[in-house]
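Visitor: Hi! I have a structure open and would like to walk through it with you. Shall we start?

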Amino acid sequence: MKRDAFLQRIVERREPWDIAVIGGGATGVGIAVDAASRGYSVVLLEQSDFGKGTSSRSTKLVHGGVRYLQQGNISLVMEALKERGMLLKNAPHLVHDLQFIVPNYAWWEAPFYGIGLKVYDLLAGKYGFGPSEILSRDEVLAHIPTLSQDGLRGGVKYHDGQFDDARLLIDLAGTAADHGACLVNYARAAALEKDRDGFVCGLTFRDEESGTSHALGARCVINATGPFCDELRRVDEPEVTPMIAPSQGVHLVLPREFLPGDTAIMVPHTRDGRVMFAIPWHGHALIGTTDTPIPAAVLEPSPQAQEIDFILETASDYLARRPTRADILSVFTGIRPLVKTGEASNTATLSRDHTIHISSSGLLTIAGGKWTTYRKMAEDAVDHAIVLGHLDERPCVTRELRIRDPHCLGAPAPCPEPRDEHVAWHARHEMARTVEDVLARRTRVLFLDVQAALALAPAVARILARELGRAAAWQQTQLASFAETAAHFRIAR
Ligand SMILES: Cc1cc2nc3c(=O)[nH]c(=O)nc-3n(C[C@H](O)[C@H](O)[C@H](O)COP(=O)(O)OP(=O)(O)OC[C@H]3O[C@@H](n4cnc5c(N)ncnc54)[C@H](O)[C@@H]3O)c2cc1C
């Protein structure tokens, strides 16, 4: 993955690409993997870094979605459970089994959730991660000693998948590149080109590093910009009705003492009727999430004070030691690309399925869905693109396509704090261009501990400047910009 070489390929190419993808999140990069592995020529443009949007800010679960089971959306759960099984097989270096406990404080919870989770096991079929089980109070406390014991009766244990979202995204980008795709970060699609019949036949993008604009031709252009997709749809058709109802979700990261074992907590019904997780992740405890409608998607969203209070209050209902603002190491916010379905007023009831929309000028927009189903979303999008772009029909091969493991290619073994050789690897082989790329998405330090990330930033800037051939002034600009981003991950005490 070399940014300069990819840009060069775009500039030198005279014939149209089979597929141009706009957006470098799970949806867009998944499409690039699918299309390139079928043998199509593919270019992907991301306005910021790969995963800068929602795809680095998820709960990091590869799951069927117990909540959707409660809502009776059986087909969505079954599809996601199947995808969960495939992802474990195709990316074993990043996906693993995680056990969850639903703690029971009322008499009816054990039979109710016990039966529900047995149905979840059944729906997973041969893709199951392990059977669910009803546990006694002592068994629950042996798994999660920090759980509030007041009124605790027992719990139900079940299994789901956990992963590192931004790392999977970078490895998917590498996989797409291995199959010939051309992917450029810091490249913003600004305008759509149309032929004389009014059909989209290419686009113009701006290289955000140099400020230069380039045009490219494409038989099919896919808008995979997630929560931002209405902006691009408006570039295509100014009067278009928005399809996204953006809603943000906040996660708090606490020290591991709050959840010392390897078992996660799942609260199926918070006071306002949502699901809440407390999950061990990279040596920390991750707690979330909220679901707050917002007027419009922004690239670096901020948590609202009441969202933080709500998570702390809910966590206090279940943890023996009440977490406070002083315990929070980092907080991150992501925006769900929820697709509007008629008159839904509550975002928790909006569609979690994905939607494909083709405009009268042939712009294909794909939105919604979730990380777990990115592969299926990509397959559907490329199937539509084949028809739209009059491409030769070729079958999807991603069900059994191994996702690149950088350690097999010589990447240095991961450690909590990136050293010189890690930063150099991220710059040379994973297109890390900024201090934030390294500390937020190639490694996850910013998501885990803001102070630690700020302390590491000067060293990362120095190594990156050496790798990318930047001057000393660039390091200062980088540090200022990183401090600005980091402010969104920090809360007032
Ligand atoms: C709080 C939260 C928790 C979640 N937890 C889970 C979970 O545990 N498991 C799960 O399966 N799913 C989860 N999801 C859902 C999942 O994260 C999303 O469905 C998925 O990441 C969306 O990916 P995307 O590629 O569609 O959007 P994004 O990741 O937002 O990518 C869109 C990209 O398009 C780029 N872009 C926008 N405009 C342009 C332009 N003009 N030119 C070039 N690029 C552009 C943006 O910069 C962005 O990077 C969660 C979502 C949220 C919000």
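Visitor: Where does His282 lie?

Guide: His282 sits in the loop between strand 13 (276-281) and strand 14. Keep in mind that this is a predicted model.

Visitor: What about the phi of His282?

Guide: His282 has a positive phi of about 45 degrees, although this residue is not a glycine.

Visitor: And is His282 buried or partly exposed, and why?

Guide: Partly exposed, because 17 other C-beta atoms lie within 10 Å of His282. The cut-off for buried is 20 or more.

Visitor: Which other residue has a positive phi without being a glycine?

Guide: Lys60 is one, with phi near 70 degrees. Lys60 is found in the loop between strand 2 (42-45) and strand 3 (61-62). This lysine counts as buried because there are 25 other C-beta atoms within 10 Å.

Visitor: Back to the backbone, then. Which peptide bond is cis?

Guide: The one from Gly288 to Thr289 is cis, with omega near 20 degrees. Thr289 belongs to the loop between strand 14 (284-288) and strand 15 (292-293).

Visitor: Changing topic: how confident is the predictor, and what is the average pLDDT?

Guide: The protein chain averages a pLDDT of 94, and 98% of the residues score at least 70.

Visitor: Where does pLDDT stay under 50?

Guide: Over residues 343-350. For that stretch the model has 14 contacts beyond four places in sequence.

Visitor: Now the ligand. Which residues come nearest?

Guide: Of the 40 residues around the ligand, Gly23, Gly25, Gly53, Gly226 and Gly249 come nearest.

Visitor: How do the residues of that shell divide into nonpolar, polar and charged?

Guide: The shell around the ligand has 13 nonpolar, 20 polar and 7 charged residues.

Visitor: Which helix and strands each supply at least two residues of the shell?

Guide: Helix 2 (26-37), strand 8 (187-194) and strand 16 (330-336) each do.

Visitor: And which domains does the shell draw on?

Guide: At least three residues come from each of domain 1 (3-55 + 166-244 + 349-400) and domain 2 (97-162 + 246-336).

Visitor: Let's go to the largest nonpolar core. Which members touch the most others?

Guide: Ile19, Ala32, Val42 and Ile222 do, in a core of 138 residues.

Visitor: Take Val42. What is in contact with it, leaving aside neighbours within four places in sequence?

Guide: With those left out, Val42 contacts Trp17, Asp18, Ile19, Val21, Ala32, Ala35, Ala36, Ala181 and Cys182.

Visitor: I also have Leu123 selected. Where is the place of Leu123?

Guide: In helix 5, residues 109-124. Leu123 counts as partly exposed because it has 19 C-beta neighbours inside 10 Å, and the cut-off for buried is 20 or more.

Visitor: What does Leu123 contact beyond four places in sequence?

Guide: Leu123 is in contact with Gly64, Ile74, Val77, Met78 and Leu81.

Visitor: Last one: where is the place of Phe482?

Guide: Phe482 is in helix 15 (residues 472-487). Phe482 counts as buried because of its 25 C-beta neighbours inside 10 Å.

Visitor: Which residues does Phe482 touch, not counting those up to four places away in sequence?

Guide: Val435, Glu436 and Ala457. Thr434 is 48 residues apart from Phe482 along the chain, and their C-alpha atoms are separated by 8.6 Å.

Notes: Residues are numbered from 1 along each chain as its sequence is written. This is a predicted model: local features need pLDDT of at least 70, side-chain atom pairs count only at pLDDT 80 or more; totals for chains, interfaces and linings use all residues. A nonpolar core is a set of buried Ala, Val, Leu, Ile, Met, Phe, Trp, Tyr and Cys residues joined through C-beta atoms within 7 Å. A residue is buried if 20 or more other C-beta atoms lie within 10 Å of its own, exposed if 12 or fewer, and partly exposed in between; C-beta atoms are placed from the backbone. Two residues are in contact if their C-beta atoms, placed from the backbone, lie within 7 Å. Helices (H or I, at least four residues) and strands (E, at least two) are DSSP runs, numbered from the N terminus. A residue is near a molecule or strand if its C-beta atom, placed from the backbone, lies within 6 Å of it. Ala, Val, Leu, Ile, Met, Phe, Trp, Tyr, Cys and Pro count as nonpolar, Asp, Glu, Lys and Arg as charged, and the others, Gly among them, as polar. Domain bounds come from an automatic or database domain assignment. pLDDT is the predictor's confidence in each residue, from 0 to 100.
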